[in-house]
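The following exercises are intended for a reader who meets this structure for the first time. Each task is followed by a solution in steps.

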Amino acid sequence: MRVKRTLLIAAVGCGCVCFGLQTAQKKYVILDDKKGGFKIYDVESVMGTFEPDGDYGFDASGSPMRGFSKDQGLVFSTRAMNGVAARTEDGSFRIKNAKATGNVIIEVTSTGTDEATTKSHVETGTLTLAESETDSTVTFPAAFTFTNHVVSTTVDRLLDVNAPSGVFVLPRLNQNSGSSNPFKSANVRGPLNVTIDTKTKLADGTKREVIKVKADRMTYDGTARVMRLDGNVVVDVDITPTQGKPYGYVSNLDWIEIAFDEDSAVKGTKTGAGGSSGKGGGGK
């Protein structure tokens, strides 16, 4: 009886394995430049069109589908993507525009001045990307997490943004960007949480400053390198100086402006409450 039962279990198990093998979804590579510079793969379903100029329009899905563009320093995975891969002069491709949905994860890496390396990481349910000759606009219609990490010979700065929706205008995605600016502009709706963790090497050691902000909205001016957070602002700051004991403070305000230097380190803040517009105020 035990032998029959064992054989029955084995037969059922083999049947499940065979069924699993038979129903495994086939994976496709829909675009590979044959140079190792661009690839979209692990695709399970796609409708694609090659245009006369060499651009490729596609509507694809996978579990997840994946891809990369070395020219853009871009790596992505998502459940579905509808977009256009534009032909480049060197015979590769770039993601010109796209709408990604379902467990979207994006990594962007670039090198800037002072041997700086910038890495951005995005996690969201859906986003759109539109690239022009000068910039890339990323729109988050739903909740997202955006981190931007800059490491140079003097600065290690990590920026983390968590919000329900927002729009970022980034420098045009380029592996050799020559810029450490986190974005050219931003308009983010809250309630949101922003953390800026900056380590700066000085002559007598390394200073660390961690700024955590809760607010109703955030904007960023890339030309001035100023981030502004407005509405029900709560600021929590911890500072570890090169010498002496660490210290910190908490503030409840109407607004805060955080200025960054050319190395993307925090160089000062302004705060205000009770009707102050933000045009005046002290610095740090």
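## Exercise 1: Hairpins and strand pairing

Within the hairpin of β4 and β5, where four residues lie between the strands, G73 takes a positive phi near 65°. The model is a predicted one, in which local features need pLDDT of at least 70 and side-chain atom pairs count only at pLDDT 80 or more, while totals for chains, interfaces and linings use all residues. Residues are numbered from 1 along each chain as its sequence is written, and side-chain values use heavy atoms, with hydrogens and water left out.

Task: Describe how β4, β5, β6 and β7 pair.

Solution. 

Step 1. Strands (E, at least two residues) and helices (H or I, at least four) are DSSP runs, numbered from the N terminus. Two strands pair if DSSP finds at least two bridges between them.

Step 2. Consider β4 with β5. These strands pair in the antiparallel sense over eleven bridges, and M65 has T78 in β5 as its bridge partner.

Step 3. Go on to β5 (residues 74-87) and β6 (residues 93-111). Their pairing is antiparallel, over twelve bridges. S77 is bridged to I105 in β6. This hairpin has five residues between the strands, and G91 there takes a positive phi near 90°.

Step 4. Finish with β6 and β7 (residues 117-131), which pair in the antiparallel sense over 13 bridges. The bridge partner of E107 in β7 is H121.

## Exercise 2: A residue in a loop

Task: Determine whether Q72 is buried or exposed, and which residues Q72 touches.

Solution. 

Step 1. Locate the residue: Q72 lies in the loop between β4 (56-69) and β5.

Step 2. Apply the scale of relative accessible area, where buried means under 20%, exposed over 50%, and partly exposed in between (1.4 Å probe, protein chains only). Q72 has a relative accessible area of 0%, and is therefore buried.

Step 3. List the contacts (heavy atoms within 4.5 Å). Not counting residues up to four places away in sequence, Q72 touches R94, I95, V108, T109, E131, L173, N174 and Q175.

## Exercise 3: An aspartate in a strand

Task: Identify the residue whose side chain D197 joins by a polar contact.

Solution. 

Step 1. With a relative accessible area of 14%, D197 counts as buried.

Step 2. Collect the contacts beyond four places in sequence: D156, R157, L158, R208, E209 and V210.

Step 3. Apply the polar contact criterion: a pair of N or O atoms within 3.5 Å, where within protein one must be able to donate a hydrogen and the other to accept it, and residues adjacent in sequence count only if both atoms are side-chain atoms. The partner is R208, whose side chain is joined to that of D197 by a polar contact of 2.6 Å.

## Exercise 4: Aromatic pairs

Task: Classify the aromatic pair of F144 and F168.

Solution. 

Step 1. State the rule. Rings of Phe, Tyr and Trp (its six-membered ring) pair if their centres lie within 6.5 Å; planes under 30 degrees apart count as stacked, over 60 as edge-to-face and the rest as tilted.

Step 2. The structure holds eleven such pairs. In the pair of F144 and F168, the centres are 5.7 Å apart with 90° between the planes, an edge-to-face arrangement. The pair links distant parts of the chain, with F144 in strand β9 (residues 144-151) and F168 in strand β11 (residues 165-171), 24 residues apart.

Step 3. Check burial: F144 is buried at 3% relative accessible area, and F168 is buried at 1%.

Step 4. F140, F144, F146, F168, F183, Y220 and F260 form one aromatic cluster.

## Exercise 5: Confidence

Task: Where in the chain is confidence lowest, and where is it highest?

Solution. 

Step 1. The chain has a mean of 88, and 86% of its residues reach 70 or more.

Step 2. Compare the elements. Confidence is lowest in helix α1 (residues 2-23), at a mean of 50, and highest in strand β2 (residues 38-41), at 98.

Step 3. Inspect residues 6-10, where pLDDT stays under 50 and the model has zero contacts beyond four places in sequence. Where pLDDT is low, the predicted coordinates should not be read in detail.

Terms used:
pLDDT is the predictor's confidence in each residue, from 0 to 100.
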